[in-house]
Amino acid sequence: MTTSPILAQLIGGLATGDVEIVDLTTRLGPHTPTLRLPEPFVDLIDFRLEQVSSYDAPGPYWRHHNIHTGEHVGTHLDAPIHWVTGQSGLDVSQIPPSRLVGPAAVIDVSAEAAEDPDFLLEIDHIRAWEAEHGPLPNGCWLLLRTGWDQYGHDQELFLNTDENGSHTPGISADCARRLAEDSPISGLGVETVGIDAGNALHLDPPFPVHHHLLGNDRYGVTSLRNLAHLPPTGAVVVVSPLPIIGGTGSPARVIAFVDRRTP
Ligand code: MN
């Protein structure tokens, strides 16, 4: 049996540790932070395991559970049909795998988000990133590092809600439109609970990242962790949602391959 040189190099790199696998996923359980919509909107259920057997009468040799969960819980993918603008688009089972694996482009605005939790990324931030690192690669996943994963252990800190709504960083309406209509990205990954900023109901259009990206066959992934361990360019990201027929999204395992050899 022969292995192609490209895959042999990858396998060799994994064996020596030169290629590191970074897990970008939030662990999934009943306390994983989830979206809380304002009245009169209705929230999804949180994740829950229901035990069916545990090496006992209903299954003496095995333990297994039913899972109960919303689609948009924990680290998860938003498919086009999640949004009214993408309703004639793909469900999560129809997204080609080639769109779920690609180069990572990591833009770090954690300093800005620490200063201002309502920070919005503008197209000029992306232009400045491109001036340093080159143009966004074809089919890339743009990963927005805000430092928000540090709050992922605590629902209140993570949503950062007061009487004026939720205060978490995101992307401006203009930047979202230009990313959706005039960039080669496959999708956007964020560390926050949703791909839009916490207060994006009040932007024009409301929830502009959902509006523009999902309406233009771009995808979203939320609640990422460990983006600090990725270089700005050069990593490869793998997004693996469950192929739920008719699903508007799915919890997903998201990993990245990173070359740790010093250049
Ligand atoms: Mn979602």
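In the predicted model, the side chains of Arg 253 and Asp 23 meet in a salt bridge, with a distance of 2.5 Å from N to O; the term denotes a side-chain nitrogen of Lys or Arg within 4 Å of a carboxyl oxygen of Asp or Glu. Arg 253 belongs to strand S14 (residues 249–259) and Asp 23 to strand S1 (residues 19–23), so the pair ties together parts that are 230 residues apart in sequence. Strands (E, at least two residues) and helices (H or I, at least four) are DSSP runs, numbered from the N terminus. Asp 23 is partly exposed, its relative accessible area being 28%; buried means under 20%, exposed over 50%, and partly exposed in between, with a 1.4 Å probe and protein chains only.

The model is predicted, so that local features need pLDDT of at least 70 and side-chain atom pairs count only at pLDDT 80 or more, while totals for chains, interfaces and linings use all residues. Residues are numbered from 1 along each chain as its sequence is written, and side-chain values use heavy atoms, with hydrogens and water left out.

The structure holds eleven salt bridges. Among them, Asp 217 pairs with Arg 99, the closest N and O atoms being 2.9 Å apart. Asp 217 lies in the loop between helix H6 and strand S12, and Arg 99 in the loop between strands S4 and S5, so parts 118 residues apart in sequence are tied together. Asp 217 is partly exposed at 31% relative accessibility, whereas Arg 99 is buried at 19%.

Within helix H3 (residues 123–133), Glu 130 and Arg 127 are three residues apart, a separation of about one helical turn. These two residues form a salt bridge whose closest N and O atoms are 3.0 Å apart.
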